[in-house]
Amino acid sequence: MKKIKNTITLLTIAAMLFLLPESSCLKAFADEPVTYVVKYLPGENGWRYQDNRSVFDESGSVISWELYQLREVLKAGDTIVVYNDTENAPDLDLGSTRFANLTISSKAFSIIHTGGVQDCFVMNNSFCAVNGDVTNAHVYENSVVNYNGNVQELQIHCGDKITSSVGVGGTVGHLYAYSDSQAQTFFDLYNFQAGSLLIDQEGKLTTPDWSYSKAPASQPVQPTPQPEVQQQPEAQQPAQQVPASGGNDDEYDAVPKTGESNLIVWLLCIGGLCLCGSIALKRAGRG
C-alpha cells in the first residue's frame with residue numbers, strides 16, 4: 001500500500017512539473033538582422049550577393065548567390081551594401097521589403113529599387129538613384145544621387161563647400177547640409193514640396209523660396225547620429241549598424257514570448273490530477 005501511495009505521489013509531482021508554464025513553453029526568438037553585400041559582376045551578367053559581410057569577395061573563396069534568392073530572404077531590419085563599377089548595369093531590384101540600412105558605393109550609375117529604407121548612406125564619389133521612401137538619407141562628398149520617394153531627414157556631408165548634386169522626387173521634411181571639417185552650416189530648411197528639392201553640381205539650391213520653409217512646422221527634426229566608419233575598398237564605409245525602427249518592434253511583437261499562459265487553466269489541470277490520485281488511493285485501499 002505504501003509503495004502504491006509513493007508511486008502515485010511521484011507521478012502527480014512529475015505531471016505538475018511538466019505542466020508548469022516555465023518548464024513546458026518553447027522559447028522563440030526573432031531572427032537576428034543580417035548584412036548582405038551586392039555587386040554587379042559583368043562575368044556573371046548580373047547582380048550577385050553574399051551574406052554576413054559588407055565587402056564583396058571576388059576571389060572565389062566566398063560563394064555568391066543570384067539576386068532573386070536575396071529577395072526571398074530579405075526581412076525588415078537587414079542591411080544592404082551595394083557596389084557597382086559597371087556602366088549601364090541593369091536596375092537593382094531589392095523587392096518590397098523595407099530594411100534598416102542601405103549603403104551605396106557605386107562608381108557607375110546605379111538605379112536601386114527598394115520597399116523603403118530607414119537609413120540610406122551614399123558614400124563618396126557615388127552615382128545612383130534610389131526608389132522608395134527613406135527616413136534618414138546621408139549623402140557624402142562628390143556624389144550624384146536622386147531620391148525618387150519621400151525623404152524625412154536629408155543630411156549632406158561636405159568640407160568647405162557642397163560638392164554633391166542631390167534631387168528628390170518626393171517631399172523632404174528637413175534638409176541639413178553642414179561641414180564635417182569646420183563649424184559651418186550651409187542649409188537648414190524644412191518642408192519641401194514634392195519634386196522641388198534640387199541641389200546642382202555647384203552646390204547651389206535651385207528650389208524656389210515658396211517651395212520650402214526656413215522653420216519647422218511644429219517641432220524640429222533632430223539630426224540622426226553619425227555612423228561609425230570602417231575601411232572598404234576605395235571608399236569609406238559606415239560600419240553596418242542596425243538603427244532602431246518601428247518595423248523591428250512589430251516583427252518582435254509577432255514572435256511568441258515565453259511564459260505566456262492562463263493560470264486558471266493550469267490550476268484546473270493540477271486539481272484534476274490530484275482528484276485522480278485520490279480516487280486511485282481509495283480503490284487501492286479497498287483492494
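**Close-up views of a predicted model**

**View 1. Four aromatic pairs are present in the structure.** Rings of Phe, Tyr and Trp (its six-membered ring) count as a pair if their centres lie within 6.5 Å; planes under 30 degrees apart are stacked, over 60 edge-to-face and the rest tilted. Phe 192 and Tyr 212 form a stacked pair, because their ring centres are 5.0 Å apart and their planes are at 25°. The pair ties together parts that are 20 residues apart in sequence, since Phe 192 lies in strand S15 and Tyr 212 in the loop between S16 and strand S17 (229-232). Strands (E, at least two residues) are DSSP runs, numbered from the N terminus. Phe 192 is buried, with a relative accessible area of 2%, and Tyr 212 also counts as buried, at 15%. Buried means under 20% relative accessible area, exposed over 50% and partly exposed in between (1.4 Å probe, protein chains only).

The model is predicted: local features need pLDDT of at least 70, side-chain atom pairs count only at pLDDT 80 or more, and totals for chains, interfaces and linings use all residues. Residues are numbered from 1 along each chain as its sequence is written, and side-chain values use heavy atoms, with hydrogens and water left out.

**View 2. The largest nonpolar core holds 45 residues.** Such a core is a set of buried Ala, Val, Leu, Ile, Met, Phe, Trp, Tyr and Cys residues joined through side-chain atoms within 4.5 Å. Ile 80, Leu 94, Leu 102, Cys 120, Tyr 147, Leu 154 and Leu 175 touch the most other members. Strand S12 (residues 151-158) gives the most to this core, with four residues. A second, separate core of five residues includes Val 37, Leu 41, Phe 56 and Tyr 83.

**View 3. Six strands form an open sheet with mixed pairing.** Their order is S5-S7-S9-S11-S13-S16, and two strands pair if DSSP finds at least two bridges between them. Strand S5 (92-93) and strand S16 (198-199) are the edge strands, each pairing on one side only. Strands S9 (residues 127-131) and S11 (residues 144-147) run parallel and are joined by four bridges. Cys 128 has Val 145 in S11 as its bridge partner.

**View 4. Asn 125 and Asn 191 have positive phi values.** Asn 125, not a glycine, has a phi of about 60° and is placed in the loop between strand S8 (117-122) and S9. Asn 191, likewise not a glycine, has a phi of about 55° and lies in strand S15 (residues 185-192). Asn 125 is partly exposed at 41% relative accessibility, and Asn 191 is partly exposed at 36%.
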